[in-house]
Amino acid sequence: PERMNRFLTQQKGIRYGFFGGAFKRRLMDDQILRLYSSSLACLQFDGQQCLDFEGVTSRPFDICFCKGMLIANRAKVLEEIFGDAILYADDSVEIAHKVAWLKDNEDKRVEMIEKSHSIAKERVNPARLMKELLEWIYD
């Protein structure tokens, strides 16, 4: 949190806020939905432990399901699921470039949000997930 805070305070014209697991600020579901959907971009960077095991948290799906624009760290599983529907960055310089690009390309941003939302909606489908779980259990 401190590194990201230092980075963002150096960027001109970017308003930001932190919330979630590593931060003291907790929000209600409706507040999170509004933040995800109204932000220029939402950053989601999973820890090395997730990347080592080729896993991710549920937050990328939450962000996309709520029609938020996602910038995430490069994770094989995210690239396989979302492809070019989200943006990827490895460091603070790349994040700054992606945010600047989003500010200049609103039409493309909206297309990406719609595409990632469709993907998240398909992937986070309780009926489909339950069916797959039952098939796995009984196989």
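**Stop one: the cysteines**

Select Cys 42 and Cys 64: the sulfur of Cys 42 lies 8.6 Å from that of Cys 64, its closest cysteine sulfur, which is too far for a bond. A disulfide is a covalent bond between the sulfur atoms of two cysteines, and here it is counted as a pair of cysteine sulfur atoms within 2.5 Å. The structure holds zero disulfides. Cys 42 is buried, with a relative accessible area of 8%, and Cys 66 is buried at 19%, where buried means under 20% relative accessible area, exposed means over 50%, and partly exposed lies in between (1.4 Å probe, protein chains only).

**Before going further: confidence**

This is a predicted model, in which local features need pLDDT of at least 70 and side-chain atom pairs count only at pLDDT 80 or more, whereas totals for chains, interfaces and linings use all residues. Residues are numbered from 1 along each chain as its sequence is written, and side-chain values use heavy atoms, with hydrogens and water left out.

Colour the chain by pLDDT, the predictor's confidence in each residue, from 0 to 100. The chain averages 80, and 72% of the residues score at least 70. Confidence is lowest in helix H1 (residues 2–10), at a mean of 56, and highest in strand E3 (residues 87–88), at 96. Helices (H or I, at least four residues) and strands (E, at least two) are DSSP runs, numbered from the N terminus. Where pLDDT is low, the predicted coordinates should not be read in detail.

**Stop two: the sheet**

Which strands form the open sheet, and in what order? Three strands do so, in the order E1-E2-E3, with parallel pairing; strand E1 (42–44) and E3 are the edge strands, each pairing on one side only. Two strands pair if DSSP finds at least two bridges between them, and three bridges join E1 to E2. Returning to Cys 42, you will find this residue opposite Leu 70 in E2.

**Stop three: the salt bridges**

The structure holds eight salt bridges, each being a side-chain nitrogen of Lys or Arg within 4 Å of a carboxyl oxygen of Asp or Glu. Select Lys 67 and Glu 114, whose side chains meet in one of them (3.5 Å, N to O). Lys 67 lies in the loop between helix H4 (59–65) and strand E2 (70–72), and Glu 114 in helix H7 (residues 106–123), so the pair ties together parts that are 47 residues apart in sequence. Lys 67 is partly exposed at 34%, and Glu 114 is partly exposed at 37%.

Next select Glu 94 and Arg 74, which meet in a salt bridge (2.7 Å, N to O). Glu 94 lies in helix H6 (residues 92–104) and Arg 74 in the loop between E2 and helix H5 (76–82), so this pair ties together parts 20 residues apart in sequence. Glu 94 counts as buried at 18%, whereas Arg 74 is partly exposed at 35%. The side chain of Glu 94 also meets that of Lys 98 (4.0 Å, N to O); both lie in helix H6, four residues apart, about one turn of the helix.
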